[in-house]
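Trainee: I am new to this structure and would like to go through it with you slowly. Could we begin once it is in view?

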Amino acid sequence: MKIKVLYLASLREQLGKSGEDLEIPPATSTVAGLRALLMARGGAWQAALAQGKALRVAVNQEMAQPATAVRPGDEIAFFPPVTGG
Amino acid sequence: MPVRIQTKDFDAGAEMAALRRDNPKIGAVASFIGLCRDTNEGDVVTKMTLEHYPGMTERALEKIVAEAKARWDVMEVLVVHRVGEMKPADQIVLVVVTGAHRGEAFAACEFVMDYLKTRAPFWKKEETPQGARWVEARASDDEAAQRWEPPKSSAA
């Protein structure tokens with residue numbers, strides 16, 4: 001299925017890109033699954049998305065959890081804990 | 001619009017006047033202004049860049065405003081948050097709450113800021129003489145937001 005992935009703030013700098021359109025296997029049906037798929041790219045991806053890193057994920061601009069479903073056409077954003085205000 | 005993201009500065013006085021105009025039922029206006037400081041973590045800060053997640057930011061802030069209005073007896077809530085480059089002493093964020101009485105207005109204003117700090121997708125990058133760095137999230141901000149969570153039921 002096709003999805004859109006965004007990388008924001010420090011994560012964008014670590015990964016060297018702000019986002020991409022991805023075709024992922026239908027079996028990758030959750031946020032945790034997508035994170036694992038991206039980590040498997042190795043290098044900066046492995047390091048920046050490693051378990052234990054403080055990361056937040058939004059699906060269609062709503063805060064999500066590892067178990068949140070990923071569906072065709074979704075916009076999934078990975079970013080560090082927020083620091084506004 | 002109760003929520004605005006903008007690069008330009010804001011005039012807090014004008015915003016407050018506009019929010020309470022033509023409403024003689026308002027007896028209290030509570031407000032908060034967040035500023036860019038010239039130091040952080042012991043280092044001099046010369047410049048700051050704020051970025052956000054367009055679309056989600058507005059949605060997250062609108063949700064926080066709606067929750068504030070549902071939880072406290074207030075009338076209007078305004079949030080103005082700047083993005084882009086800022087210098088020390090520049091204004092970053094404005095929250096204004098109007099209501100009949102101060103207690104509810106103060107509480108709602110503090111709630112909006114505490115939730116904004118932990119839930120709205122903004123990120124600060126600061127320039128110091130040692131180089132540029134992303135500001136780290138603070139545990140104290142999480143604790144401040146936690147105060148507003150409904151008490152957990154002790155019944156098993």
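Mentor: B:Lys69 is part of helix H2 (residues 56–71) of chain B, where helices (H or I, at least four residues) and strands (E, at least two) are DSSP runs numbered from the N terminus. This is a predicted model, in which local features need pLDDT of at least 70, side-chain atom pairs count only at pLDDT 80 or more, and totals for chains, interfaces and linings use all residues. Residues are numbered from 1 along each chain as its sequence is written, while chains are lettered from A and ligands numbered from 1 in the order in which they are written.

Trainee: Leaving aside neighbours within four places in sequence, which residues is B:Lys69 in contact with?

Mentor: Contact requires that the C-beta atoms of two residues, placed from the backbone, lie within 7 Å. With neighbours within four places in sequence left aside, the partners of B:Lys69 are B:Val74 and B:Val77.

Trainee: Which element gives the most to the side of chain B that touches chain A?

Mentor: The contact takes 22 residues from chain B and 13 residues from chain A. On the side of chain B, the elements giving two or more residues are strand E5 (47–52), H2, H3 and strand E9 (122–128). The most, five residues, comes from H3(B).
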